[in-house]
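Visitor: I would like a close look at a single part of this model. Please take me through it step by step.

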Amino acid sequence: MLVSALRKALPQVEILAVGTNTTATEAMHKAGATAAATGENAVVVGCRKADLIVGPMGIVIADSLHGEITPAMALAVAQSAARKILIPFHHCDTLVVGIADYNMTRLVQEAVECAKNLCAAP
């Protein structure tokens with residue numbers, strides 16, 4: 001859902017989709033990612049090269065997303081010089097107070113709008 005929405009809103013940008021498993025990676029590639037890779041090393045390398053990182057809040061929390069985010073992955077995302085758009089999906093066992101409990105569609109729309117604004121900025 002996120003990759004297809006980003007692709008539609010930003011057809012000119014390169015989207016490198018990085019998944020924690022092959023099923024997620026394949027789905028993001030089919031949704032319009034320019035390229036896709038899987039696993040911890042792909043996350044670490046991708047974070048070094050990224051200008052913008054968009055994903056669920058759990059990508060910066062070790063052991064989140066049902067244990068799929070390794071400490072090295074969380075650290076790579078957190079320490080990346082890239083701008084980050086973190087989506088507060090509540091399935092990460094972390095709740096952010098002060099944030100409305102929107103459905104996934106609304107959260108993705110807001111993330112895409114934020115990405116469009118960042119990509120349009122000089």
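Where is the place of His66?

Guide: This is a predicted model. His66 has its place in helix α4. Its phi is positive, near 60°, and His66 is a residue other than glycine. Most residues other than glycine have a negative phi. His66 counts as exposed because its relative accessibility, 74%, is over the 50% cut-off.

Asp63 also deserves a look. Asp63 is found in the loop between β3 and α4. Asp63 has a positive phi of about 70°, although it is not a glycine. At 55% relative accessibility, Asp63 counts as exposed.

The largest pocket holds about 1400 Å³ of space. It is lined by 45 residues, and the closest to its centre are Leu16, Ala17, Val18, Met28 and Val54. Helix α4 (64-67) gives two or more residues to this lining. So do other elements, among them β3 (52-56), α3 (40-49) and α5 (71-79). By class, the lining has 33 nonpolar, 7 polar and 5 charged residues.

Two of those helices, α3 and α5, also pair up. Their axes come within 9 Å and cross at roughly 10°. That angle is under 35 degrees, so α3 is roughly parallel to α5. On the α3 side, Glu40, Val43, Val44 and Cys47 make the contact. On the α5 side, Ala72, Met73, Ala76 and Val77 make it. The residues of this contact divide into 7 nonpolar, no polar and 1 charged.

Methods
Residues are numbered from 1 along each chain as its sequence is written. This is a predicted model: local features need pLDDT of at least 70, side-chain atom pairs count only at pLDDT 80 or more; totals for chains, interfaces and linings use all residues. Side-chain values use heavy atoms; hydrogens and water are left out. On a 1 Å grid over the protein atoms alone, a cavity is a set of points where a 1.4 Å probe fits but cannot get out, and a pocket is an open set with protein on both sides within 12 Å along at least five of seven lines; lining residues have an atom within 4 Å of a point. Grid points are joined across faces, edges and corners, and a volume is the space filled by probe spheres set on the points. Helices (H or I, at least four residues) and strands (E, at least two) are DSSP runs, numbered from the N terminus. Ala, Val, Leu, Ile, Met, Phe, Trp, Tyr, Cys and Pro count as nonpolar, Asp, Glu, Lys and Arg as charged, and the others, Gly among them, as polar. Axes are lines fitted to C-alpha atoms, for helices over the stretch in contact, and angles run from 0 to 180 degrees between N-to-C directions. Angles under 35 degrees count as roughly parallel, over 145 as roughly antiparallel, 65 to 115 as roughly perpendicular and the rest as oblique. Contact means heavy atoms within 4.5 Å. Buried means under 20% relative accessible area, exposed over 50%, partly exposed in between (1.4 Å probe, protein chains only).
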